[in-house]
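Please describe the strand arrangement and the aromatic contacts in this protein model, with the criteria behind each term.

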Amino acid sequence: MTALDTLKKYFGYSAFLVGQEELINAILNRNDVLGVMPTGSGKSICFQVPGLMLQGITLIISPLISLMKDQVNALTQAGIPAAYINSSLSLSQIDIVLQRAKNNAYKLIYVAPERLQMDGFLRFAKSAQISLLAVDEAHCISQWGHDFRPSYARIPEFIYQLSNRPILTAFTATATDKVQRDIVNLLNLNSPFVLITSINRPNLYFEVQKPKDKYAALIHFLKDKKYQTGIVYCSTRDTVEKVCEKLVANGYKASRYHAGLSDVERHQNQDDFLYDRAQIMVATNAFGMGIDKSNVSFIIHYNMPKDMESYYQEAGRSGRDGEPANCILLFSGQDVRTNMWLIENDEQAQYPDRATEEILKERSRKRLREMTFYCETKECLREYILKYFGEIMQDRCENCANCGDATPMIEATIDAQKILSCVYRMKERFGITIIIETLRGSKSEKILKLGLDKLSTYGICEKSESELREIINQLILSNYLVKTDELYPVIKLGKKSSDVLWNKEKVFIKLSTKTEDDKIRVRSGKKSSVLRAVDQKLFDVLKKQRLKIANELKVPAFIIFPDSSLVDMCLKLPTTKEAFADVSGVGQIKIERFGEIFITIISEFLQNDEISVETPPNPKEINLSEIEISSEPTTVSIIADRINCLLMRYAYEKVSGVRINDWLISKGYLQTTTENGKKYKIPTDEGTKLGITNEKREIRGENTQIIFFDIKAQQFITQNSLEIVKNR
Ligand code: ADP
């Protein structure tokens with residue numbers, strides 16, 4: 001059986017997502033691999049599919065218990081023999097699992113890293129045929145990462161003790177360059193095949209708000225989200241309690257989660273959320289690792305998290321189903337102070353010695369500063385995130401508050417010169433607060449004692465404290481100033497400062513507009529074309545049936561079928577088992593177990609003529625040949641327009657040229673290349689064969705590349721337009 005057959009048989013998908021096939025092939029060729037792919041990109045399939053195909057057992061090392069339970073639950077439902085071993089099981093349960101494992105009862109076994117050193121498990125591992133070892137959340141091995149776990153560092157020691165070295169694979173969603181290098185070196189990956197896909201999640205909308213009243217902002221956001229599910233992250237248990245209590249008092253189905261609750265309550269509350277009995281989970285960061293719930297459509301950070309890694313990981317728990325989701329951070333200056341305190345007083349952090357403790361704390365402080373800059377930047381928020389993880393974005397994303405923000409850029413050269421020259425005259429020895437006080441002519445004891453009132457820049461600014469702070473932060477972000485990496489950072493002149501001071505360069509910035517502060521401006525998010533097009537009534541009936549089965553089997557609903565499978569059922573309207581097999585996410589076991597129930601519902605629905613008038617035809621009935629094709633080579637935007645002319649008649653959302661290009665890249669027909677520091681798209685060999693050409697042009701004095709599509713290429717794109725729209 002091929003990898004694709006295995007994917008279809010067990011998981012019900014008929015194509016691989018970006019990167020999966022390459023990683024799986026490398027593993028099947030007995031290569032070690034490192035996969036750095038965003039949340040929701042389908043990393044698990046990359047070790048589960050080869051794990052099913054290889055002889056022997058696949059061992060998956062994963063840090064959190066809830067993740068294992070969910071994954072094993074889902075695998076068992078798909079007919080895959082899997083188990084987990086962790087501290088949630090009693091000793092006798094562990095013995096039973098190990099005994100069964102010895103008798104080859106499982107193909108996949110999940111364990112926590114601490115387990116690897118335990119005698120009983122080690123004895124089993126030495127005697128078993130472990131052919132593949134997958135290290136999930138592999139960034140935990142690196143001290144440069146945000147989630148260093150000493151137990152991960154002992155994985156190589158465990159491998160060394162095995163009779164045969166398994167194929168080693170490591171996966172993570174968030175890893176800077178340094179962390180990637182650490183993973184390869186510390187795990188001793190052997191000439192690994194490394195695949196890094198973009199961590200960009202285009203369906204997530206990002207926004208930072210600075211409301212005076214955070215709770216009012218939260219309520220405002222929730223107003224039209226009655227049917228949506230989400231998480232509100234708070235930095236302390238106390239805030240979780242208060243926010244949850246208020247939400248419940250205001251009639252919301254909210255639950256809470258933090259380390260101070262009993263195990264029983266934590267489990268109960270987590271299940272309420274997973275089983276859709278609670279709409280909102282108010283939680284500390286203890287909640288969520290391994291929460292594989294696909295329909296989370298908003299993540300509100302009531303407080304700023306400690307670093308970008310945590311933020312992106314937590315925000316990334318929304319929109320796993322590919323639907324639009326809101327990620328909104330409610331920032332206040334107090335958040336910075338709370339996080340500083342948490343870094344200094346983290347009881348759970350484990351440090352081998354004092355010197356390492358200081359180094360790691362310093363790295364944490366640096367990460368906190370970068371997180372704070374995210375809350376201050378007026379540039380594209382997605383660009384900031386991607387840049388942090390080492391990715392360059394070509395254009396603004398148009399799906400974050402800053403891109404949608406119409407606040408005009410204003411020239412701030414004079415203010416910038418005053419600030420830069422003040423920093424210069426202070427000999428680059430002070431922090432932001434002292435600089436602001438000096439510029440505003442403060443008569444505070446400290447300023448007078450330091451003699452800063454004698455400087456020529458004393459009192460030369462009339463701007464408010466918060467305006468000056470904002471301008472300074474933006475000057476730091478644009479490298480005119482540098483903030484040092486100390487506990488009490490001082491501000492120094494950046495490389496670009498002299499150009500401003502000598503009038504060679506003008507400075508433009510965006511200042512926050514002082515409108516109604518507390519009103520959270522939230523975009524409802526673009527509605528998915530597919531969801532808009534399906535029959536809501538049928539979708540609801542299928543959902544109810546799914547919940548009924550889930551309750552009977554005592555598993556979360558999305559483990560039976562994700563929402564995307566139900567949507568696909570509404571689109572394909574299968575009335576036979578063969579047609580049902582075509583539905584995305586429906587594997588062989590699920591056809592046998594649930595096929596008949598769902599087919600019956602759909603057939604009855606069709607017989608009763610319950611399909612609403614707005615229901616679009618089955619996609620198969622859309623005649624894609626109606627889309628106009630030019631005999632001349634043409635550009636992508638014209639092709640997009642022509643596709644839209646047809647598909648919009650069927651309530652599909654517009655497809656853009658960018659979307660088509662991205663799809664062509666994912667299929668290997670286009671690639672990006674860099675010339676003179678500028679990125680261009682050009683056809684690959686496959687693309688050239690298809691009829692894609694590129695031409696260098698000069699537009700408004702700038703060199704650029706234009707891509708043309710001849711008849712064959714146009715036909716290929718238009719015939720695939722439904723897939724392009726759906727893959728959004
Ligand atoms: P990650 O571990 O990268 O966060 P998961 O492995 O949890 O991602 O997968 C995210 C979602 O994508 C899951 O619902 C999974 O079933 C789905 N998925 C994985 N592979 C495919 C595929 N080839 N086609 C469609 N959906 C897939």
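The report below takes up the sheet, then the ring pairs, then the charges placed over rings.

## Basis of the description

This is a predicted model, in which local features need pLDDT of at least 70 and side-chain atom pairs count only at pLDDT 80 or more, while totals for chains, interfaces and linings use all residues. Residues are numbered from 1 along each chain as its sequence is written, and side-chain values use heavy atoms, with hydrogens and water left out.

## The sheet

Seven strands form an open sheet with parallel pairing, in the order β3-β4-β2-β5-β6-β1-β7. Strands (E, at least two residues) and helices (H or I, at least four) are DSSP runs numbered from the N terminus, and two strands pair if DSSP finds at least two bridges between them. Because β3 (82–85) and β7 (193–196) stand at the edges, each with a single partner strand, one side of each is left without a neighbour in the sheet. From one strand to the next, the twist averages 15°.

Strand β2 (residues 57–61) runs parallel to strand β5 (residues 130–135), and five bridges join them; Leu59 has Leu133 in β5 as its bridge partner. Helix α8 (residues 177–186) lies across β1 (33–36), β6 (167–172) and β7, running at about 155° to β1. For such angles, axes are lines fitted to C-alpha atoms, for helices over the stretch in contact (heavy atoms within 4.5 Å), and the angles run from 0 to 180 degrees between N-to-C directions.

## Aromatic pairs

The structure holds 18 aromatic pairs. Rings of Phe, Tyr and Trp (its six-membered ring) pair if their centres lie within 6.5 Å, with planes under 30 degrees apart counted as stacked, over 60 as edge-to-face and the rest as tilted. Tyr311 and Tyr374 form a tilted pair, at 5.4 Å centre to centre and 45° between the planes. Since Tyr311 lies in helix α12 (residues 308–315) and Tyr374 in helix α14 (residues 354–376), the pair ties together parts that are 63 residues apart in sequence. Both tyrosines, Tyr311 and Tyr374, are buried, a term for under 20% relative accessible area, against over 50% for exposed and partly exposed in between (1.4 Å probe, protein chains only).

Phe561 and Phe580 form an edge-to-face pair, at 6.3 Å centre to centre and 75° between the planes. Phe561 lies in the loop between α24 (557–560) and α25 (563–572) and Phe580 in helix α26 (residues 577–581), 19 residues apart; Phe561 and Phe580 are both buried.

## Charges over rings

The charged end of Lys225 sits over the ring of Phe221, 4.4 Å from its centre, and that of Lys214 over the ring of Tyr302, 5.9 Å from its centre. The criterion is that NZ of Lys or CZ of Arg is within 6 Å of the ring centre and within 35 degrees of the ring normal.
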